[in-house]
Amino acid sequence: MIFIGLFLFIALIIIALNLHNQSNLNEIKEYLQKNNCQEITYSKGSYKGLCEDTLLEIENSFTVDINKNSKNIYYKDIKELRVDKLNIVVNNTLNFEFKDQEKIDSFFKNLKNKLNK
């Protein structure tokens, strides 16, 4: 009986955390859509998007605070751009990590297109 109660308690916690995580993901997606972001990709625990004027990354964490959990840079401020293994390095200061080569290739190509416009 104790094991059943413990199992139900753990299952309830897992369900609550999953629901909380889903609401965080919805908040991040709404923010990206509100800012007209294109080429949105999820990799290494964060969403990366090419928005109208900026390159934006928002980390998925337990509590979503867009101001604290994000990094962005205006396209006009990008002076140097390179790929280093599975990272896109901007101005030798910002590092955007990706999980696989296919995602980084697609994202980098679209970023270069945005910068050339």
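I looked up Lys 71 to start: this residue is partly exposed, at a relative accessible area of 25%. For that term I used a range between two cut-offs, with buried being under 20% relative accessible area and exposed over 50% (1.4 Å probe, protein chains only).

A note on the model: it is predicted, so I kept local features only at pLDDT of at least 70 and side-chain atom pairs at pLDDT 80 or more, while totals for chains, interfaces and linings use all residues. Residues are numbered from 1 along each chain as its sequence is written, and side-chain values use heavy atoms, with hydrogens and water left out.

Next I asked what Lys 71 pairs with. Its side chain meets that of Glu 57 in a salt bridge at 3.2 Å, N to O. Lys 71 sits in strand E4 (residues 70-74) and Glu 57 in strand E3 (residues 54-59), so this pair ties together parts 14 residues apart in sequence. Strands here are DSSP runs of at least two residues, numbered from the N terminus. By salt bridge I mean a side-chain nitrogen of Lys or Arg within 4 Å of a carboxyl oxygen of Asp or Glu.

Then I turned to Glu 57, which is buried at 6% relative accessible area. Its side chain also forms a salt bridge with Lys 48, at 3.3 Å, N to O. Lys 48 is buried as well.

How many salt bridges does the structure hold? I found 3. Another of them links Arg 82 and Glu 80 at 3.7 Å, N to O. Arg 82 is partly exposed at 33%, and Glu 80 is partly exposed at 34%.

How values were computed
Helix = DSSP H or I, 4+ residues; strand = E, 2+ residues; numbered from the N terminus.
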